[in-house]
Amino acid sequence: MSGSALRGIDAHCHFDLYPDPEAMIRNAESAGVAAIAVTNAPSVFPHMVRFAAQHEQIHPALGLHPELAVERASELEMFRSLAQQTPFIGEVGLDGTKDDPEHRAQQRSVFSEVLRVCRSAGGKVLTVHSRRAAPEVVEMIGAGFPGTVILHWFSGSQSTAREALRRGMFFSVNLAMLRSRSGRALVGMLPRDRVLTETDGPFMKVDMRSAVAEDVFSCLPGLAKTWNVTPAEAGSIVLANFARCLHS
Ligand code: MN
């Protein structure tokens with residue numbers, strides 16, 4: 001299906017991790033939500049491409065999640081070859097939750113190769129995980145990255161966020177962030193032209209259930225309040241930001 005008016009953006013959704021991925025994609029599209037359909041391993045990407053076929057607002061992304069950096073390291077070669085097929089890359093990044101130096105080293109090695117591939121191709125749109133590793137993620141991406149970087153569910157410090165902003169990065173914000181004091185403080189310091197919405201569905205919970213892509217609309221009242229605009233205006237700002245992500 002195509003031609004339905006675009007009304008919302010889910011910059012980070014794991015459609016493949018719901019029991020019926022294709023139904024979730026149809027629902028998102030009927031609601032007018034464009035999405036970056038992230039995957040956690042290269043071998044999953046071809047399935048996502050199949051799920052999203054005929055849905056032009058659902059953008060399959062090639063990923064290698066940091067928490068899978070050891071068990072899926074053998075898929076790096078597949079990552080390199082599939083990267084030629086799509087501008088969308090994610091979920092990638094670093095995760096510092098587990099205190100395991102060897103795992104961290106392997107994560108860094110995978111993420112550094114991911115970044116090398118993206119730099120050499122240019123024009124990629126990355127959705128990046130940085131839980132408990134934000135300074136290192138921002139440092140590794142560096143300045144002058146030739147593409148678009150979206151920091152997803154960012155929970156780092158405001159000084160790291162400022163460094164990311166100086167380097168041109170975007171932030172995808174979800175309802176859980178807008179419901180937390182630290183998340184609202186972060187959103188309050190972000191220039192409105194760097195903010196996108198996301199669900200991280202099905203991982204983020206909304207009122208005890210797994211979030212779905214259409215839940216991005218629930219972010220708009222919070223963003224509207226922060227920006228002192230109407231929810232409809234907040235929605236238009238997010239749509240315009242996403243359009244810039246795709247063309248910068
Ligand atoms: Mn995720």
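**View 1. The three-stranded sheet E1-E2-E3 in the predicted model.** In this predicted model, three strands form an open sheet in the order E1-E2-E3, with parallel pairing; strands (E, at least two residues) and helices (H or I, at least four) are DSSP runs numbered from the N terminus, and two strands pair if DSSP finds at least two bridges between them. Strand E1 (8–13) and strand E3 (58–60) stand at the edges with a single partner strand each, so one side of each is left without a neighbour in the sheet. Neighbouring strands of this sheet are turned by 10° against each other on average, direction ignored. E1 pairs with strand E2 (residues 33–37) in the parallel sense over four bridges, and glycine 8 has valine 33 in E2 as its bridge partner. Helix H10 (residues 231–247) packs on the sheet, touching E1, E2 and E3, and its direction makes about 55° with that of E1; contact means heavy atoms within 4.5 Å, while axes are lines fitted to C-alpha atoms, for helices over the stretch in contact, with angles from 0 to 180 degrees between N-to-C directions.

Residues are numbered from 1 along each chain as its sequence is written. Local features need pLDDT of at least 70 and side-chain atom pairs count only at pLDDT 80 or more, whereas totals for chains, interfaces and linings use all residues, and side-chain values use heavy atoms, with hydrogens and water left out.

View 2. The manganese ion has as protein donors His12 (NE2), His14 (NE2), Glu91 (OE) and Asp200 (OD), which lie 2.2 to 2.3 Å from it; donors are N, O and S atoms within 2.8 Å of the metal (3.2 Å for Na, K and Ca), and sites may look incomplete because water is not among the atoms. Histidine 12 lies in strand E1 and glutamate 91 in strand E4 (residues 88–93), so the pair ties together parts that are 79 residues apart in sequence. Histidine 12 is buried, with a relative accessible area of 0%, and glutamate 91 is buried as well, at 2%; buried means under 20% relative accessible area, exposed over 50% and partly exposed in between (1.4 Å probe, protein chains only).

**View 3. The five-stranded sheet and strand E5.** Five strands form an open sheet in the order E4-E5-E6-E7-E8, with parallel pairing. E4 and strand E8 (195–197) stand at the edges, each with a single partner strand, so one side of each is left without a neighbour in the sheet, and the twist averages 30° from one strand to the next. E4 and E5 pair in the parallel sense over four bridges, with valine 128 in E5 as the bridge partner of valine 92. Six of the six residues of strand E5 (residues 124–129) are buried, so this strand is largely enclosed by the rest of the structure.

View 4. Threonine 86 lies in the loop between helix H3 (76–82) and E4 and is buried, with a relative accessible area of 6%. A polar atom of its side chain lies 2.9 Å from the backbone nitrogen of phenylalanine 88. Leaving aside its neighbours within four places in sequence, threonine 86 is in contact with Phe45, Pro60, Leu62 and Lys124.

Notes:
A polar contact is a pair of N or O atoms within 3.5 Å; within protein, one must be able to donate a hydrogen and the other to accept it, and residues adjacent in sequence count only if both atoms are side-chain atoms.
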